[in-house]
Amino acid sequence: MSTTQSERLRALFEPLVDKAGLELEEVTLSASGRRRQLLVVVDSEEGVQLDAVAEISRSLSQALDASDVMGEAEYVLEVTSPGTDRPLTEPRHFRRNTGRLVKLALKERGELIARIMAVDETGLDLEVPGVKGRKPKPARADFAEIAKARVEVEFTRRDGAPEDAADDGDADFGSDSSSDTDSDIDETTEEA
């Protein structure tokens, strides 16, 4: 996408995204066969709900239809929120992920996996998880020394619970009540 087109798209979208109480994170235009794909990434301090994505998508689509910024070529508009694999590059990205585990590539110290405990103007207060039963250790990383950062997806951690706590949701697994559900599914499947 040319710088001029990128600037025009941002100028068109930013007031609408701001009005919706969101932040415009990224605008990317790429070729997808004969069509072009316009990807717009929005975010907010509280995260982005599906209804907000649908609403801003309609708003951006109407603005694009009323302007000539995309020209005559066909395009597909996709509006989304950042995924977990999005690089953390701005202080606000780190603030939004306070309490989460992140993988940091530090310019001088190498790689570090730690939990964000607090974020201030200059960097992060971290907690490095303990290994083999050892207690976590505090650490600090300044924004200037962070080369790359991403959220580490955790499948076993529950908010407010120790990482090694068992999930109480499986207590009824294999009980008689699940066999009633299985028979209902079988009957429905046979009818179809």
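**Figure 1. Contacts of Phe 13 in the predicted model.** Apart from neighbours within four places in sequence, Phe 13 is in contact (heavy atoms within 4.5 Å) with Leu 24, Val 27, Leu 38, Val 40, Leu 60 and Leu 64. This is a predicted model, in which local features need pLDDT of at least 70 and side-chain atom pairs count only at pLDDT 80 or more, while totals for chains, interfaces and linings use all residues. Residues are numbered from 1 along each chain as its sequence is written, and side-chain values use heavy atoms, with hydrogens and water left out.

**Figure 2. The largest nonpolar core.** A nonpolar core is a set of buried Ala, Val, Leu, Ile, Met, Phe, Trp, Tyr and Cys residues joined through side-chain atoms within 4.5 Å; buried means under 20% relative accessible area, with a 1.4 Å probe and protein chains only. The largest such core has 19 residues, of which Phe 13, Leu 38 and Val 40 touch the most other members. Two or more residues each come from α1 (3-19), β1, β2, α2 and β3. Helices (H or I, at least four residues) and strands (E, at least two) are DSSP runs, numbered from the N terminus. Helix α2 gives the most to this core, namely four residues. A second, separate core of 15 residues includes Leu 88, Phe 94, Leu 104 and Leu 112.

Figure 3. Three strands form an open sheet in the order β1-β2-β3, with mixed pairing; two strands pair if DSSP finds at least two bridges between them. At the edges lie β1 (23-32) and β3 (75-80), each of which pairs on one side only. Strand β2 (residues 35-43) runs parallel to β3 in their pairing, over six bridges, and Leu 39 has Glu 78 in β3 as its bridge partner. Helix α2 (residues 50-66) packs on the sheet and touches β2 and β3, its direction making about 150° with that of β3. Here axes are lines fitted to C-alpha atoms, for helices over the stretch in contact, and angles run from 0 to 180 degrees between N-to-C directions.

**Figure 4. The aromatic pair.** The structure holds one aromatic pair. The ring centres of Phe 94 and Phe 143 are 5.5 Å apart and the planes stand at 45°, so the pair is tilted. Rings of Phe, Tyr and Trp (its six-membered ring) pair if their centres lie within 6.5 Å; planes under 30 degrees apart count as stacked, over 60 as edge-to-face and the rest as tilted. Phe 94 belongs to helix α3 (residues 91-96) and Phe 143 to the loop between β7 (137-142) and β8 (146-151), so the pair ties together parts 49 residues apart in sequence. Both Phe 94 and Phe 143 are buried.

How values were computed
Buried means under 20% relative accessible area, exposed over 50%, partly exposed in between (1.4 Å probe, protein chains only).
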